[in-house]
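Morning, everyone. I'll take the backbone first, then strands, then helices.

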Amino acid sequence: MNNSQNLPSLFFTKANQNLDKTHLLKIDPLTNKIKSWKWSETKDLVLKIHSYLENKNLSNSERILLVSENRPEWMAADIAIMSSSLIAVPNYITYTSRDFEHILNDSKPKGLIVSNKDLLNTIITAAKKIQYEIEFIVCFDLFENTKLGNLSFLEDLKIDDNFKKLKKIEGIQRSDPACIIYTSGTQGLPKGVILSHGGILSNCEGAFELLQSLKDPDLTFLTWLPLSHSYEHVVQFVQIMMEAKVFYNRSIDTLLPSIKIAKPHIMTAVPRFYNNLFAKMQINLKNQSQFKQNLFNQTITLGTKKLYFQNLSFKEKLINFILDKLVRKKVKNNFGGRLEAFVSGGGPLDSKVGEALNALGLKTLQGYGLTETSPVVSCNPLDKIKVDTVGPIFPGVTVKLSEDGEILVKGENLMLGYWNNLEATDQTIKDGWLHTGDVGEFDTDGYLKITDRKKDIIVSLGGDNIAPSKLENLLTLSPDIEQACVFGEQKNFIAALIILANDSKSTKDDIQNYINRINKDLTQPEKIKKFSFINEHFTIENNLMTPTMKVRRHEVKKKYSEIIDQLF
């Protein structure tokens with residue numbers, strides 16, 4: 001288990017116990033071959049960056065900006081920063097120069113660790129615009145540098161024997177700040193969430209307990225969500241605690257080939273990934289013979305019964321056993337053949353998608369949390385998955401419901417506060433309880449169920465509270481609908497903007513028929529009365545989506561106000 005006081009000591013303890021074992025892997029984009037690092041090599045990489053930082057003689061808790069795509073050097077840099085009693089400030093590679101202006105102004109970093117020339121240029125442009133001076137820069141990738149005197153390349157860094165003893169680590173307490181993670185915020189400027197070493201460690205300890213039955217000498221995680229996201233950031237330290245191999249996928253385009261090569265046991269993702277995955281399965285199914293379609297549907301039917309602990313007749317058990325071999329094994333092989341768990345977080349997973357994936361033999365564990373809670377509050381266990389819940393509360397975390405059902409959280413995992421924003425901190429943490437803005441309830445097994453979102457609610461003209469995410473999830477369950485955004489604030493009904501999937505041949509009538517089927521199970525105020533197609537996808541680049549894949553509703557409303565007004 002873990003007796004570490006801080007995150008760097010966790011890493012060095014595990015590294016020293018596993019020096020000769022393979023640790024980190026990635027596909028080299030130039031040779032297309034797998035490149036791997038042993039634990040000893042990861043450790044040396046950490047010591048190189050740590051030595052460089054120590055020679056800068058910085059004060060404790062100075063900030064260092066970390067901007068990189070997922071790769072082994074990311075982990076090394078993150079741990080090296082913390083090893084020097086400094087605060088890591090991870091950032092999304094999708095941020096624009098304007099985003100970086102805010103981050104630089106707010107966090108006031110002394111240094112920057114960046115992966116490549118393009119990202120460096122974006123940040124330098126932002127720094128010049130606000131006349132901010134970054135004292136030193138380390139870049140992972142080599143390029144010809146004729147301009148920057150304060151730039152060093154990772155390749156040129158050396159381990160300094162004076163800093164091999166890692167004296168600073170001994171003084172880092174669990175309550176000390178480890179990193180500042182900026183929430184991408186669907187409204188307004190991102191806020192810097194200060195997370196402590198103990199907050200992240202307590203999350204890791206809960207995850208270790210949840211996943212320890214998967215202990216395998218070759219345990220492998222596939223990582224592809226941005227490591228600047230608090231969810232994947234904590235998974236990084238869970239991987240270290242479990243002494244697992246980590247396979248870094250470089251982009252969404254290479255994800256499916258990477259899965260087949262990495263053969264992961266565990267993979268984490270946001271609900272949108274699982275929705276798209278199931279939609280693709282349905283599209284593929286349309287091209288199969290009627291016999292194969294029947295097999296697939298029967299697998300879901302019987303698998304769902306089993307998921308809900310319903311009794312199967314002798315005949316059903318026999319058929320289900322055969323389906324294990326004919327369908328589930330084949331599905332699992334598409335993910336490398338060793339997949340033991342998908343973990344879903346970062347938003348509500350549609351229960352129908354959760355049911356289907358679990359029924360097909362892809363165990364999908366839904367969890368719940370916020371950046372402000374390091375981030376996990378609860379998660380479903382492997383042995384008893386309840387897809388319409390976010391599972392039991394993590395050890396060391398206390399949850400209670402306020403009078404209006406809001407989920408309040410207390411525990412070591414709570415943020416230390418928002419960086420430079422005492423007012424927002426005081427609004428969020430009251431009397432030691434973090435107010436999540438989510439509404440929930442507990443079932444008889446103590447599993448938490450999210451029922452509503454206080455902030456992201458449409459209030460109709462009749463005063464009904466409608467959760468837009470529920471309706472958008474239902475719409476995007478259609479393989480023909482790629483994205484959707486619903487509106488109806490202070491209106492008599494709900495209307496939707498719909499973006500069709502690239503390969504969809506659906507007509508307006510087809511989509512209307514689908515919406516009619518959805519509406520049958522919705523309350524009167526929730527029913528979608530009108531819709532309009534738009535051609536532009538919501539992306540991070542056009543500012544209609546946050547880096548954590550949430551739609552910026554207010555930006556969509558602003559951009560498509562004419563179309564929305566016509567719908568009403």
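One definition before we start: helices, at least four residues, and strands, at least two, are DSSP runs, numbered from the N terminus. And keep in mind that this is a predicted model.

Start with backbone geometry. Most residues other than glycine have a negative phi, and most peptide bonds are trans. So let's look at the exceptions.

Go to Glu243. Where does Glu243 sit? It is in the loop between helix H7, residues 230-241, and strand E11, residues 245-248. Its phi is positive, near 55 degrees, and Glu243 is not a glycine. Buried or exposed, or something in between? Glu243 has 28% relative accessibility, so it counts as partly exposed. The cut-offs behind that are under 20% for buried and over 50% for exposed.

Now Ser374. This one is also not a glycine, and its phi is positive at about 75 degrees. Ser374 belongs to the loop between E14 and E15. Its relative accessible area is 1%, so Ser374 is buried.

Stay there for the next bond. Which kind of peptide bond joins Ser374 and Pro375? A cis one, with omega about 0 degrees. Pro375 is in the loop that runs between strand E14, 364-369, and strand E15, 376-379.

On to the strands. Take E25, residues 494-500. How many of its seven residues are buried? Six, so the strand is mostly covered.

E25 has a partner in E24, residues 481-487. The two run antiparallel, joined by six bridges.

Ile494 has Ile528 in E26 as its bridge partner. How does the chain get from E25 to E26? It goes through helix H15, residues 508-519, as a right-handed β-α-β crossover.

Next hairpin: E16, residues 397-401, and E17, residues 406-411. These pair antiparallel over five bridges. Lys400 faces Leu408 in E17. Four residues lie between the strands of this hairpin, and Gly405 takes a positive phi near 90 degrees.

E17 then has another neighbour. Three bridges join E17 to E20, residues 433-442, again antiparallel. Glu406 has Val439 in E20 as its bridge partner.

Two helices to finish. What is buried in H9? The list includes Pro271, Phe273, Tyr274, Leu277, Phe278, Met281 and Leu285. Asn275 and Ala279 are on that list too.

Last stop is the surface. Phe314, Leu318, Phe321, Ile322 and Leu326 make a nonpolar patch of about 550 Å². Ile322 is in helix H11, residues 314-333. With a relative accessible area of 42%, Ile322 is partly exposed.

That's the tour. Over to you.

Technical notes:
Residues are numbered from 1 along each chain as its sequence is written. This is a predicted model: local features need pLDDT of at least 70, side-chain atom pairs count only at pLDDT 80 or more; totals for chains, interfaces and linings use all residues. Side-chain values use heavy atoms; hydrogens and water are left out. Buried means under 20% relative accessible area, exposed over 50%, partly exposed in between (1.4 Å probe, protein chains only). Two strands pair if DSSP finds at least two bridges between them. A crossover is right-handed if, with the strands pointing away from the viewer, the path from the first strand over the helix to the second runs clockwise. Patches are made of residues with over 30% relative accessible area and no salt bridge: like charges are joined within 9 Å, nonpolar side chains (Val, Leu, Ile, Met, Phe, Trp, Tyr) within 5 Å. Accessible areas come from the Shrake-Rupley method with a 1.4 Å probe; for residues, only the protein chains shown count as cover. A salt bridge is a side-chain nitrogen of Lys or Arg within 4 Å of a carboxyl oxygen of Asp or Glu.
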